[in-house]
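Work through these exercises with the sequence and the model side by side. Try each task before you read its solution.

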Amino acid sequence: MSEHSKFKAGPPIVGVSKNIQRVRELIDHVAGTGLNTVVFGESGVGKEVVAQNLYQRSPRVGKPFIKINCAALPEGLLESELFGYERGAFTGAEQKKKGKFQLAHSGVLLLDEIGDMSLPLQAKLLHVLQSGGEFSPLGSEKEVRADTWVIAATNHDLKKDIEAGRFREDLYYRLNIIKIFLAPLRGRPEDIPPLIDYYMEEYTTMLNNRHIEKPSPAVIDRMCAYSWPGNVRELQNVLKRMLVLGDCSQIIDELINGEKVGMAADMAVAETSHHASLEQILDLHGVNSPDSQSFSLKNAKKKAVEMVEREIISHVLAKTDWNRSKASKILKISYKTLLYKISDLNIIPPEK
Ligand SMILES: Nc1ncnc2c1ncn2[C@@H]1O[C@H](COP(=O)(O)OP(=O)(O)OP(=O)(O)O)[C@@H](O)[C@H]1O
Ligand SMILES: [Mg+2]
């Protein structure tokens, strides 16, 4: 089987958010150009879908679409996979093998996780791109030439990697002629309902149109409030679990409770040096991250209030030796409200 016959058409890019609209526009503009493109975004956010859509809308559709994960292979192996080798080029090279760069000739090469490529290999890749696709396979004197459209994807902030000396600036500018940024799902909750609809329909077809229960509007609301650290991939997994287990409400409860425990841990870290500084709170809630889309004043305010409440209640509980009745009087809230807040804010009693 040839490599490119493995290409599986990607789904359409589902979503209504500004970010997704912009991504669709960029795909429309770029697909015909063959300009080197980098797709940025967290894990599971849809980088590969964007690369597939670029390819499907380009004149290269039908030609090879080859993907290679730069993080998954050690440097030497990645080099030989990318550029191929002659027989006898190294121990074990019993047969001549074409590299992915050449196999993707006239089509697309998706360099996934480009941020994890080693510096020497980055230098070689830069050279290939500068020479218009010329390179020598390992152990060969002869140059081969491939007309390959390189699309790269990464969840790294490559600018930071450049500052830290982990990524070549010249390669960055060579690859990154077009930049497509996919925001994390938590920054575009309005995409969650259309994604749920799209995938519920997909799964219904997969299950031979067996009737499947959609999450109720209340559950969908709660799904929109969850932070989805695994992005669309996590959403797909949760939908599949909901299909199998049926109890949507319990599944989303578990997610949100798990998130609270995680958030409490984040806060504990932020609080280690006395109180969390404003800078830390901002960082914690995404204000200083490159994708300001994940930030909203409303969310930050809610979280800041929770943080202050948590700190005050923990302090009073510690002072009263966890006498909740006394603590509720000091706090001037009812005993029941205090119990609710202890559980809601995930305040954990000290170990005796
Ligand atoms: N906007 C979208 N519309 C429809 N499906 C999507 C969308 N975004 C992501 N998906 C689906 O979510 C899953 C994860 O997407 P994809 O593999 O493209 O993410 P990724 O950013 O490449 O992740 P990773 O960094 O882990 O490689 C895929 O099954 C993909 O089809
Ligand atoms: Mg991917």
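pLDDT is the predictor's confidence in each residue, from 0 to 100. Two residues are in contact if their C-beta atoms, placed from the backbone, lie within 7 Å. You need both terms from the start, since this is a predicted model.

**Exercise 1. Confidence**

Task: Find where pLDDT stays under 50, and state how many contacts beyond four places in sequence the model has there.

Solution: 
- Step 1. Begin with the whole chain. Its mean pLDDT is 85, and 86% of its residues reach 70 or more.
- Step 2. Compare the elements. Helix α12 (residues 278-284) has the lowest confidence, with a mean of 51. Strand β5 has the highest, at 97.

**Exercise 2. The whole chain**

Task: Count the helices and strands, then state what share of the residues is buried.

Solution: 
- Step 1. Count the elements: 15 helices and 9 strands.
- Step 2. Turn to burial. Of the 352 residues in the chain, 29% are buried.
- Step 3. Residues 24 or more positions apart account for 72% of them.

**Exercise 3. Strand β1**

Task: Name the strands that pair with β1, and sort the residues of β1 by the way they point.

Solution: 
- Step 1. Take one partner. β1 pairs with β8 (residues 149-154) in the parallel sense over 4 bridges. F40 stands opposite T154.
- Step 2. Take the other partner. β1 and β9 are also parallel, with 4 bridges. V38 stands opposite K179.
- Step 3. Sort the residues of β1 (residues 37-40). T37 and V39 point one way, V38 and F40 the other. All are buried.

**Exercise 4. Two helices**

Task: At what angle do α3 and α5 pack?

Solution: 
- Step 1. Read the geometry. Helix α3 (residues 75-83) and helix α5 (residues 119-130) pack at about 15 degrees, with axes 10 Å apart.
- Step 2. Apply the cut-off. Angles under 35 degrees count as roughly parallel, so α3 and α5 are roughly parallel to each other.
- Step 3. The crossing of α3 and α5 is right-handed.
- Step 4. List the contact residues. α3 gives E75, L78 and E79, while α5 gives P120, L121 and K124.

**Exercise 5. Helix α15**

Task: Is L339 buried or exposed?

Solution: 
- Step 1. Locate L339: it is in helix α15.
- Step 2. Use the cut-off. L339 has 12 inside 10 Å, so it counts as exposed.
- Step 3. Look at the whole of α15 (residues 335-344). The helix is hardly covered: of its 10 residues, 1 is buried.
- Step 4. Look just past α15. N346 takes a positive phi of about 55 degrees.

Terms used: Residues numbered from 1 in each chain as written. Chains lettered and ligands numbered in written order. Predicted model: local features only at pLDDT ≥ 70, side-chain atom pairs only at ≥ 80, totals over all residues. Buried ≥ 20, exposed ≤ 12 C-beta atoms within 10 Å, placed from the backbone. Axes fitted to C-alpha atoms, helices over the stretch in contact; angles between N-to-C directions. Parallel < 35°, antiparallel > 145°, perpendicular 65-115°, else oblique. Left-handed = near helix turned anticlockwise from the far one by under 90°. Pairing = 2+ DSSP bridges.
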